[in-house]
Amino acid sequence: MEWSDHGFLLSSRRHGETSAIIDVFTQEHGRHAGVVRGGTSRKIAPILQPGAQLALNWRARLEDHIGSFQVEPLRSRAVAAFSGRLALAGLNTVTGLLSFCLPEREPHAALYIRSEQLLDLLGQDDLWPLAYLRWELALLEELGFGLDLTECAATGATQELIYISPKSGRAVSRRGAGEWADRMLPLPPVLRGHGDAPDDEIALALRTTGYFFENRVAPALGNKPMPEARARFLDTLSRTL
Amino acid sequence: MRNASPIDILIELMAKLPGLGPRSARRAVLHLIRKRALLLIPLADAIREVAETARECLNCGNVGTSEICEICDDEKRAIGEICVVEDVADLWAMERANVFKGRYHVLGGTLSALDSVGPEELRIPRLVDRVATENITEVILALNATIDGQTTAHYIADQLHGGVRLTSLAQGVPIGGELDYLDDGTISAALRARKEV
């Protein structure tokens, strides 16, 4: 078995004395793990940093085997990530969430392209929070937990949509919520692509998407704990407001 | 290891050391046996003594032979500066350079969600205590230029926010380094941190 693809690194861990097991997200082969021989060497270890864009060649005797990667660096995102704490926290949350949510060896080409575009914006702190919110919505959609924000789930109205039903993930209007309003999640305009997307609205919207990751995605994955990196990112974002 | 001779046991144990495999362990053991008086006996004595006395410094996490290591015990090094390093090997590297005259704090790793290493697994709460009680004016974050290293640095900075000067090591061209062989990340970092000549 052999294939070549492009991808970016999600995580790397030492394997034995000289090798590393890497987890990458590739365009055509999805999330994929493999061994990099000599991956802890001075030459290769600096390449194997989360977010690094790599040309990958995977080889194994049988498809079920973990196999081994040959990696060529295409571009590093470390400098962009080191440019500030928001960028670093952002990179950690993207790689952490992808590792958390995606099954192995299942292609998600559209999500891959969005993820790569998002990572290329690292360091542009004025654009990044909104781009990240859009990416989280796309990730929920890809996982089958997409939010339907087009009309009120109760009345069908398209005006005054200010809530999201925590049960269905659908928008609810002020009238439609009625006495259940206090049980609803907030639907800031930025989630529907409206308004100027101020940072406090983005932070509020991320708390809403976070609810669906914690209460819908995580239970579907066997109640794995959410990556701490996301909470740290939200904390960093709220302190930069 | 049942019924194995002491020499086989020694070879098997030596083969577990970093950088050694069964073959090189066999060569090393053979060499030790041939140099019994010169190497084997002093080595055995030294290993026994280290096994009995080596411990982590209660203050900084350095490895020494007493509860408080020599660096923490040295009054001349109480200059109000703490250099935070990931590992004892990093502390030794800094000491080899012989440029830092303050004290150290060894974290014992970096934050890593993948390996479930959180702040409590590292010595971050102890560092916060030390900064509060040892009249510290500057904390130098000498952590690796990796995503995990820098994430840890930012976390520590958040914990120590206010009252103390926080600095980190520069990143750029190494001494003796040739630009042609540097990765694009290092070149960008070096260019950003350029200085007047």
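**Figure 1. Arg75(A) and Glu116(A) pair up in a salt bridge.** In this predicted model, the side chains of Arg75(A) and Glu116(A) come together with N and O 3.8 Å apart. For the boundary between domain 1 of chain A and domain 2 of chain A, the tally is two salt bridges. Sorted by class, the domain 1 side that touches domain 2 of chain A holds eight nonpolar, 10 polar and six charged residues.

**Figure 2. Chain A splits into two domains that touch each other.** Domain 1 of chain A covers 2–76, while domain 2 of chain A is put together from 80–149 + 187–239. Their C-alpha centres sit 24 Å apart. How many residues does each domain bring to the contact? Domain 1 of chain A brings 24 residues and domain 2 of chain A brings 19 residues. Together the two domains bury about 1700 Å², with 57% of that on carbon and sulfur atoms. Look for Phe25(A), Gln27(A) and Arg31(A) in domain 1 of chain A: these lose the most area to domain 2 of chain A, and together they make up 41% of what the domain 1 side buries.

**Figure 3. Arg85(A) reaches across to Asp158(B) in a salt bridge.** The closest N and O atoms of Arg85(A) and Asp158(B) are 2.1 Å apart. Across the interface of chain A and chain B there are two salt bridges by the rule. There are also five residue pairs in polar contact between these chains, both residues being at pLDDT 80 or more. Which elements of chain A give two or more residues to the side that touches chain B? They are E1, helix H1 (78–82), helix H2 (85–101) and helix H7 (228–240) of chain A. H2(A) supplies the largest share of that side, four residues. As for residue classes, the side of chain A that touches chain B has six nonpolar, seven polar and six charged residues.

**Figure 4. Chain A and chain B bury about 1700 Å² between them.** Carbon and sulfur atoms give 57% of that area. In this contact, 19 residues of chain A meet 22 residues of chain B. The trio to find is Val79(A), Phe82(A) and Arg85(A), which supplies 32% of the area that chain A buries against chain B, more than any other three residues.

**Figure 5. Trp3(A) and Trp58(A) stack on each other.** Counting over all chains, the rule gives 11 aromatic pairs. In the pair shown here, Trp3(A) and Trp58(A) are 5.8 Å centre to centre, with 25° between the planes. Trp3(A) belongs to strand E1 of chain A and Trp58(A) to strand E4 of chain A, so this pair ties together parts that are 55 residues apart in sequence.

**Figure 6. Chain B has its own two domains.** Domain 1 of chain B spans 6–53, and domain 2 of chain B spans 75–168. The C-alpha centres of these two domains of chain B lie 35 Å apart.

Methods. Residues numbered from 1 in each chain as written. Chains lettered and ligands numbered in written order. Predicted model: local features only at pLDDT ≥ 70, side-chain atom pairs only at ≥ 80, totals over all residues. Heavy atoms only, no water. Domains from an automatic or database assignment. Contact = heavy atoms within 4.5 Å. Buried area = accessible area lost by both parts, 1.4 Å probe. Salt bridge = Lys/Arg side-chain N within 4 Å of Asp/Glu carboxyl O. Nonpolar A, V, L, I, M, F, W, Y, C, P; charged D, E, K, R; others polar. Polar contact = N/O pair within 3.5 Å; in protein donor to acceptor, adjacent residues only side chain to side chain. Phe/Tyr/Trp six-rings, centres within 6.5 Å; stacked < 30°, edge-to-face > 60°.
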